[in-house]
Each structure stands twice: as structure tokens, then as C-alpha cells.
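This report describes selected features of strand pairing, helix packing and chain contact. The sequence and structure are shown first.

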Amino acid sequence: MIRVKNLSVAFDGPEVVKNVSFEIGDGEILGVVGESGSGKSVTALTMMGLVSEGARVTSGEIYYDEELLLKAGTPRDNALYREYLGRKMSMVFQEPMTSLNPTMKVGKQVEEVLSLHEAAIEETQRESTVPSGSAVQSDVKCGEKVPGKKRKQYRERKEARKQKVLEALSSVGLKDVERVYELYPHQLSGGMRQRVMIAMAVILHPGLIVADEPTTALDVTVQNQIIELLKKINQEQNNSLLFITHDLNLARRLCDRILVMQNGCIVEEGITEEIFQNPRGEYTRKLISAVPGRTGKKKKLRKEIGKALVEVRDLSVFYRENANSLFGRTEKKCVVRNADFSVYEGEILGLVGESGCGKTTLSKAILGLNKMITGEVTHHSNAPQMVFQDPYSSLNPSKTVGWLLQEPLRAQGALDPSKAMTEAESRAEAIEMLKRVGLEEKYFDRKPSQLSGGQRQRISIGQALITRPGLVIADEPVSALDVTIQAQILELIRRLQEELGTAFLFISHDINVIYQVSDRIMVMRDGRILEIGETCEVFEHPKDPYTRELLR
Amino acid sequence: MKYLVKKLATLILTLFLVSVLAFLAFQIIPGDVVTSILGTEATPEQAQQLREELGLNKPPLVRYISWAGNVLKGNFGNSYRYSKNMNQMMPVSELIGDKLPVTLSLAFLSMIFIAVIAIPLGVFWARSKNRVLDVILNVGTQTAMAVPSFFLGVLVTYFFGILLRWFSPGRYVSYEKDFWGFVGYLIFPAISVAIPKIAMTARFLRNSMLTEMHADYVRTAYSKGATERQVAYGHVLRNAMMPVVTFLGMIIAEIVAGSIVVEQVFGLPGIGKLLISSISTRDFPVVEILILYITFVVIVVYFLVDVLYRVIDPRISTK
């Protein structure tokens, strides 16, 4: 179907894709797995002719059904690509939010694929169905004689296009398609948007679909649905699928064959199960072991129950919602309902749930950042600290690492003069913490921009721990990191928890991460805590149907 | 509905505040209208008489209330300076009503030039990959923006009026006598008003388009097999218009308030010219109403921009 031969791509600097060769067979699902920066997206975009102008193909060729699409040294043939894109090969992107035009109705956006290729498709149909061409000629003559006919034809064609769009929308599992057709992207949920993207990709039954991290931005349950949908389409339309992901579990569920990429090279290639059973390359082995799984070594980690550090009693959190009518009162919307739990000394309590379920709101309320609450939060330890999700934006880029680490100490000293430290003392503390989170002293004078994502998250954790709080709330601390880094950070949190005895409230949408790190877990949905219990207990005997769904 | 009521309330409140400020300003500004009308030779009795005639002997608050009451009733008062005939001063409404069509027509024509030229130019510029063209457009628009408007007016007069003889400079044709002659004359001041604004709008649109072209949905459009042109006009333009619309709104507000310099250069009896002359002669009733008019126009234009925003971007209305 598709053959990529010795492909190398470079931007300004060195090659980001190096000598990559692979083939995708008819109806095959090929997975490309790798961490960010491994060149998997660039490979796909180059294949699709969508890579930015700055990229140069330095070597290699790409064939589609034995037809040459792209060759190094010759400029990209945009006209040829336009003929192929949408009709013979199409793409589903990662961010369904930004990948759809926000100011265009989704129906129109799907329809655009049809209108762009309408002329070409008709031509091929005419060639195949009417060999003599006489019928066509008479048709044109009629059109000339009766001007009204042309308009009628146009209207019929438009109607037919719309019909086809509606069919495509329902084929990807959307309901009430007449209404969806008229909606704008922001009026759809993430899952629905991705379905629209898929409808767009499959409407002309292309031979190849490239899906670049199509589920990464979605919640777990929606993720499952989208994976099932892709599988179904692959079986029904029998088109080839190139599935790009950083998530090995997903690749394992969906793909027939897998390529593993690292630093622009293919380091391993093979049948999915074979790779998972006995990976040959060291990198692949590392990747597989880094995936937070639910198998293996889970021993009973909890020691005895300490005293409660935070007690949350019947806590509900509200948001003000603006009234829609002129004289309507602004209403309070309940985001967290009747939460009731405690975090005990020295434990890691995992909080799992999908986006929008109230996890972050709950954690803010515990910290006292949200004032519109009913119920009670009692703290039995000194000020709890927080670790945020995005280590890129949560550290002040203009300060040095040392300054950032000392900051909580300064704040503490300002609040409570008895705890004030001299510069030398706080510096010593900061350096000690730097070592604790696994960084050398030389990082003290660096700026966050000189650090990798994982290193930055280490700094964030150090910042949270430097005042030795009893409790740290970590809100999705590993979600923005690559799998191997993720594993290291989880390891670090576990170690620090044991060394310092700090309790963690660990928030994540990823049930596997939660399993790896937590002593107890708490499952949340739509603002309610559905289930709370020992990790092993919940995983082995989930009580709530939603937990079962998450664990699937 | 709630939105409209809110906007209307803001409009009324702003007009009220501006009217108070405008009124107050003339209490503070030095200079006496009576001296300015009668000259320094007048006797104190004459001055006192005129003062009473104009109602200037009453306390400011009383004067403001009676003035505001009259304005609400649609009675804008009489000019201090312009007379209608021997024994009656010119009502402000007539005075302004006379000049308003000139300024509004000029504004309308300029806006047409701006919209028709700047938008295609901006799109074309954003799409062009020709380095030389880029430099030419860059320098050209920069120059057009930098040249002071009076000089531009002089250039336009020289080029179209004296070299090409397409119109007779200084021979303004009244719209009451010859409407098409009036439009023909207005084209040239409109060009002078429009040129710098076209340059600004085109630059602005180009930058906005270039930013927008990196958006994810643009890549999606290409992945459907759309041509560069289809992507630019079908997807990017509408999204790139968002900031440009605000900018156009500012321009409209500015032009409708009267292009003072251009009106002066081309001898147009418009609002801008009236404003200058009434300020210098302390013709308060005229100035106050003009200030209210400008405020009104600015707010209404911004309201329209806001509405247009909602039309362009469906995300706004639901938020």
C-alpha cells in the first residue's frame, strides 16, 4: 500500500528522521511508537506532504500503490498531493479542539472534503461507467439550453453531498446527525469532535488513514470508544491505518505490527505480540517496562495507619454561574458534592477521574483556594504544598533553580519570623533538596529553560517538599511527561515519601499511574466520590460500575 | 436581550458623563464668550445684557439641567456665532445637520476604499512568498502610514487635481445642487483619508493571517486536499479578521468624528471643520453637541464591532 524507503528529514539543524524505511500492507494497522521528539510525527507528516515548508527531505522515496509520491531532491508535488489527500489518504490529528476550524459548522467542514474532490471523482466515474462519452455530451447540451437545469443540478448535488455527510457522521457513531451538522466545534465534546475528524477522514474511503495520537487529548473511557471505532472502520472499509502513539498499551490493543522509533531511527520492528513478549532492543525493553501496568509486584505497601493529616467532612464546592436571562439570579453550580475522606500520615492517596470530574476543584478547596464551600476541611499539619501538572509553565522562567527552591523558605520566614533562615542556611537546604530530587549541585544556578521536562518536575517537587509539609497535593504531576521520564518521577515520589514520610494526595486521570504509586485510591466522577479503598482491594474488587469501566 | 439592555444602559451612562464633562470643561477653560462676541470695545452694560440673553448669569448647575433637558427634548439650542438671518441665531441642529452629510459621505466612501483595497491586499501579501514584493509592500505601507495627512492631501490634490485634472481643487460641489458632482469631488479627500488606513489595515491583516496560518485547523484543511488559496480564503481569512474588525471599528469611529485636516485641505464644510471653528470662537452650544455626537458615534460603532465579533466567531455568543 505505502512504501517508505530510506527517508531522512531535516529542519535547519541535524536530521530528525534518519534513514527510515517501512511498508504498510493493505488493510494493515501499523503502530509507530516512540517518545516525544522521536520523529514519529515528522515521518507521518512528511509522508502526507503536510510537513512545514522549513523541512527538507534529504534522502529517500515514498510510494503509494507503486506510484511515486515524494523523492528527495525534487520539490514536493503539491498538485499531486492535493489529489491524494482526503481521497486516497487522510489524517486524524491529536487535538480535536484546535484541529477543527472554530468558525465553521462541523457539517460544512466534513462536506468540504466532498466538494474539493467532487470534480475528480465524477471524472473517474464517468470514465468507468460511460465509455463512449455520448451521454455526457447530450447532458451538457441540455444544461446549456435550459439555464434553470444547471441550478437544479447544483441544488441536487448539494443535497446529495449533505446526505453523504450525514451518513458519514452516523457511521462514526454520532447521534442526532442533522443537529450535529449545524453545530460549531466548541459545541461538541472532545470525543464528538474526534469523531467528526474521523468522519472527515473516512468519508471518501481512502486507502490509508494516518492517526497521529488521536486519543491522547481524550479521557480514558472516550479513548476506548475511539480505539474501537478505528478498529471497526479498519475492518469495514479494509483501509490501512498508521497509528502513531506514545502509549504502548494502546498500540498493543490496536496494531498488527509495531515500529519503535527513537531519535529519528527505527530501532525495532515486528508483530505486536512478539515485540511485547520478547523485545530485542534495549530501548524497547525500557519503554515496555516503563509503562505503568497493573501487573506484578504490588505488595501491601501500607504500614500502620497514622493519624489523619487532613479531614474532609461533607465538603461541597460551588462555582458561580452567570444567569442567562436579564433578571435571573446568578446561580451556584455544585462541582464537588459531599466529599468525605481523610488523608493519613505517610500515605499516598490516589485520586482518579476524568477531566471535568472535579479533581482539581477538590484539591483547591482543600488548600483553601476556593472559598465557596460548605462542609469542613480540618488540617492537622503545617501548610500543605502543591505540585502542578505542567512543569514548563509553572516555574518562573526568569529565576534560577536555586532561587526557586529557596522561595518557599523565604515565604515561610516572612510569615513566621521564628522560622526565618539566613541566606546561607536556605542555600544549604536548597542544595540538599536538589540532591534529594536527584539533581546535581551544578543545577543550582541554571534557569528552568535549560532543563528538560523531567528535571523541571523534579524542581517542582523539591519546591513543594523543602518546607517539609505533612501533605503535598500533586495534580497530574506526570501527565505532561514521556513514559520513561514518568516512571522515574513516580519512582522519585515513592522514594521521597518513604524517606521524608510526607503524605501525598496524588491526582491523575491515568488509572495505571495511580495503581503504581498509591496506597489507597479514590475514584471520582461528576463531582462525587464513588469509591475509596485500599489500592489492591479496589483493583481486584471494584464495587462501582464506573470503576469497572475505568479498569477495563 | 440582556446583552442589548446592558449595552444601551452603558450608552446612556457614558453620554451623561461626557455631557457633564463637556459642560464642566467650558466652565474651567479661560476666556469669555461675551467678550469674544462683542469684542473688547463693548460697555459693561452691553456685556451684562448679552449675558442675560444667553442665560450665562445663572449658576452652572441650573444651566446644565436646563440645557440637558432641552437636549433630551431634541432642542439643541442656538449657536452663539452663526446667525440664520438678521434677528435669529442659527439653531445647532440645523448647523450640524448641514455638515453631517458631508462628513458621513466622506467616511462612507473612505471605508469602502479601505474595505475593498485593504482586505484583498492583506490576504495577497500574507500569501505572497516573493521576497522583493514583500520588501516593496513593507516599505510602501510604512511610508503611507508615516506621511502626515495634510501632506497626503496636498499630494493627492497635486496629482489628481493639477497633473491629471480629474477634479478642480477647492471647488467643492454641494450635495444639494449636484449629488454626483459632490461624490466625484469627495472621492479625492476620501483617497487621502483612506491611504494610511489601508496601509495599516493591510499590514494588520497580513500579520494576523500569518499567525493564523500556523493553526492546527489549517493543517487539517490541507489534509483534505485544499489548495493554498482555498485555505486562505475559506478558512484563515475569517479567523484572521477578528482582530482586524476591532481595528476597523477604531478607524470608522475616527473618520466619522470628522477628518479635520483633510476637510481643511479640501475645503469641505464638514463636522471637523465646524468643530475647530466653534472651539476657537467659544461657540459652546455647538461644541457640546459635537462632543456628544462623537461620543455617540464611537459607542455605536464599538457596539457594532461587538455584534460583528459574534457573527464572525460563534464561540463568543455562548460564553
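V4(A) stands opposite F22(A), a residue of β2(A). The model in which this pair occurs is a predicted one. The strands concerned are β1 (residues 2-10) and β2 (residues 15-24) of chain A, which pair in the antiparallel sense over six bridges. Four residues lie between β1(A) and β2(A), and the two strands form a hairpin.

β1(A) also pairs with strand β4 (residues 56-64) of chain A, again in the antiparallel sense, over seven bridges. Within this pairing, K5(A) has E61(A) of β4(A) as its bridge partner.

## The six-stranded sheet of chain A

Chain A also contains an open sheet of six strands, in the order β15-β16-β17-β13-β18-β19, with mixed pairing. Its edge strands are β15 (385-387) and β19 (528-534) of chain A, each of which pairs on one side only. On average, neighbouring strands of this sheet are turned by 20° against each other, direction ignored.

Both senses of pairing can be illustrated from this sheet. Strand β16 (residues 471-475) and strand β17 (residues 503-508) of chain A pair in the parallel sense over five bridges, and L471(A) has A503(A) of β17(A) as its bridge partner. By contrast, β18(A) and β19(A) run antiparallel and are joined by six bridges. Here R525(A) stands opposite R528(A) of β19(A). The hairpin of β18(A) and β19(A) has two residues between the strands, and D526(A) in this hairpin takes a positive phi near 50°.

## Helices across the sheet

Helix α16 (residues 483-500) of chain A lies across β13 and β17 of chain A. Relative to β17(A), helix α16(A) runs at about 160°.

## Salt bridges

Over all chains, the structure holds 33 salt bridges. One example within chain A joins E156(A) to K152(A), with the closest N and O atoms 4.0 Å apart. This separation lies at the cut-off, because a salt bridge requires the nitrogen to be within 4 Å of the carboxyl oxygen. E156(A) and K152(A) are both in helix α5 (residues 147-171) of chain A and are four residues apart, about one turn of the helix.

## The interface between chains B and A

How many residues of chain B are in contact with chain A? The number is 22, and they are in contact with 29 residues of chain A. The size of an interface is often given as the accessible area lost when the parts come together. For chain B and chain A the buried area is about 2,300 Å², with carbon and sulfur atoms giving 61% of that area.

One salt bridge is counted between chain B and chain A. In this salt bridge the side chains of K224(B) and E112(A) meet at 2.7 Å, N to O. On the side of chain B that touches chain A, at least two residues each come from α1 (2-28), α9 (216-223), α10 (228-256) and α14 (314-318) of chain B. The largest share, six residues, is supplied by α9(B). By class, this side of chain B has six nonpolar, nine polar and seven charged residues.

Methods. Residues are numbered from 1 along each chain as its sequence is written. Chains are lettered from A and ligands numbered from 1 in the order in which they are written. This is a predicted model: local features need pLDDT of at least 70, side-chain atom pairs count only at pLDDT 80 or more; totals for chains, interfaces and linings use all residues. Side-chain values use heavy atoms; hydrogens and water are left out. Contact means heavy atoms within 4.5 Å. Buried area is the accessible area (1.4 Å probe) that two parts lose on being put together, summed over both. Ala, Val, Leu, Ile, Met, Phe, Trp, Tyr, Cys and Pro count as nonpolar, Asp, Glu, Lys and Arg as charged, and the others, Gly among them, as polar. Two strands pair if DSSP finds at least two bridges between them. Axes are lines fitted to C-alpha atoms, for helices over the stretch in contact, and angles run from 0 to 180 degrees between N-to-C directions.
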